[in-house]
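Subject: Structure handover

Hi,

Here is the structure you asked about. My notes on it follow below.

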Amino acid sequence: MAVSVTTLLGHNVVRSVVLLTSLSLSFVKTVLVTGGAGFIGSNLVRHLLRTPVRVVVLDALTYAGNLANLDGVIDGERCVFVRGTIGDRSLVAKTVTTYAVTHLVNCAAESHVDRSIHDSRPFLETNIMGTQVLLDVAREMGIQRFLQMSTDEVYGSLTATDEPFSTYSPLRPSSPYSASKAAADMLVGAAVHTHGLHAIVTRCSNNYGPYQFPEKFIPLMIVNALSQGPLPIYGDGRQVRDWIHVDDHCRGVMLALEHGNAGDVFLFGGNAERSNLDVVTRIVQLTGASASLIRHVDDRPGHDRRYAVNTSDVEHTLGWKPIIPFEEGLEDTVRWYAEHSTWWQAILSGEYRTYVEQTYPAPSAGQPS
Ligand code: NAD
Ligand code: DAU
């Protein structure tokens, strides 16, 4: 397989090996992964590079983007990095042309619900306007396949007795974040319907795993438990999320990109509904921290009570189902954070932001960096 050869051979030979492998599989692709320096994006890049494709990462490196997530992956040949925003139309167009992009997976987003409650503007700019820029460029440049990474949160909240979300559930987003994601999904649908763009939407439940920014629930709790810090639980802590390991999600995205038809919507979930209190209790056990660190704090305004996903559709259409049991995946994730304290300590200390600003000054509009 071409990837394992990369470390052993010179670039020209590697390129030939990649090309030959690609040709023999009739599978020549350059995939642009926007937001590829974030949590899911960087995991997806690693998955993609196990197949015979070239990957271009376009990422603005906001507070959530981290080049350390792609350590050992970017080589300037088979995996290229471009710093910039998806809202910069000429930069996106230039990137697509320069690297002859055939497929686009949009993972770039403002992704944290709490931040959207404090300031929704960056969510509207990136998640809605940025997505429209990508759709326009994809259409103008004849990109073969476009995949919009969306979320189960577009369906809103369930009660304890409601049926899980399915692709037939109505869109009822309840936070500025989920409203911006739902708007983007509608724009993707419009591009398919009006312009015949080959675009697919995937909607997934709560991911966890390596490289997740420690503002999100699971990594925040792990990092704080490892540092003997407080474990803040919003409200009564009985809210339920359906947790999926990021590797299972990435596998689903790859299948959707390969086999999805224009206009398809795929819903991924982990079949692992857990209350926040149950999850934090398990993290306390796995880290050996004291349960007295758990603190009930003010609830999130408009806090969605429960998410759950019916995956029977994707099992049927894509032959996909989640294979990493939550207890196993959580244990591995706790171990990963324990073994990668330099990664999260650099983020928490602000050292990483300083490094980015010094090493990668924001590019001027339209200039691939
Ligand atoms: P993340 O916040 O970890 O990463 C987002 C990435 O996008 C970062 O690298 C950031 O620098 C980049 N970015 C932000 N604005 C940008 C812009 N204007 N131009 C270019 N890059 C920009 O997010 P994540 O958790 O990896 O989520 C990725 C996608 O998956 C998002 O669309 C999110 O809505 C969706 N999603 C996330 C989850 C989850 O549980 N994390 C679940 C379902 C769907
Ligand atoms: O369902 C998919 C979505 O999952 C993604 O679209 C979002 O990008 C992702 O952030 C996530 O949204 P949530 O709001 O569910 O995730 P978050 O990690 O912020 O919170 C998970 C649960 O934990 C939620 O019920 C709020 C609660 N929570 C969160 C934090 C940060 C706490 O109790 N305390 C906290 O400090």
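First, a definition: rings of Phe, Tyr and Trp (its six-membered ring) pair if their centres lie within 6.5 Å; planes under 30 degrees apart count as stacked, over 60 as edge-to-face and the rest as tilted. Tyr211, Trp336, Tyr337 and Trp343 form one aromatic cluster on that basis.

Some housekeeping. This is a predicted model, where local features need pLDDT of at least 70, side-chain atom pairs count only at pLDDT 80 or more, and totals for chains, interfaces and linings use all residues. Residues are numbered from 1 along each chain as its sequence is written, chains are lettered from A and ligands numbered from 1 in the order in which they are written, and side-chain values use heavy atoms, with hydrogens and water left out.

**Aromatic pairs**

The structure holds twelve aromatic pairs. One of them joins Tyr208 and Phe326, edge-to-face, at 5.2 Å centre to centre and 80 degrees between the planes. Tyr208 lies in strand β7 (residues 206-208) and Phe326 in helix α12 (residues 326-339), so this pair ties together parts 118 residues apart in sequence. Helices (H or I, at least four residues) and strands (E, at least two) are DSSP runs, numbered from the N terminus. Tyr208 is buried at 0% relative accessibility. Phe326 is buried too, at 5%. Buried means under 20% relative accessible area, exposed over 50%, partly exposed in between (1.4 Å probe, protein chains only).

Phe217 and Trp243 have ring centres 6.4 Å apart and planes at 25 degrees, so they count as stacked. Phe217 sits in helix α8 (residues 217-226) and Trp243 in strand β9 (residues 240-245), 26 residues apart. Both Phe217 and Trp243 are buried.

**Arginines over rings**

A charge sits over a ring if NZ of Lys or CZ of Arg is within 6 Å of the ring centre and within 35 degrees of the ring normal. Arg115 lies over the face of Tyr63, 3.4 Å from the ring centre. The charged end of Arg241 sits over the ring of Tyr307, 4.0 Å from its centre.

**Arg306**

Where is Arg306? In the loop between β12 (294-297) and α11 (312-317). Arg306 is buried, with a relative accessible area of 8%. Its side chain reaches the backbone oxygen of Asp162 at 3.0 Å. A polar atom of the Arg306 side chain also lies 3.3 Å from the backbone oxygen of Ala160. Leaving aside neighbours within four places in sequence, Arg306 is in contact (heavy atoms within 4.5 Å) with residues including Phe165, Val240, Arg241 and Glu273.

Best wishes

Methods
Polar contact = N/O pair within 3.5 Å; in protein donor to acceptor, adjacent residues only side chain to side chain.
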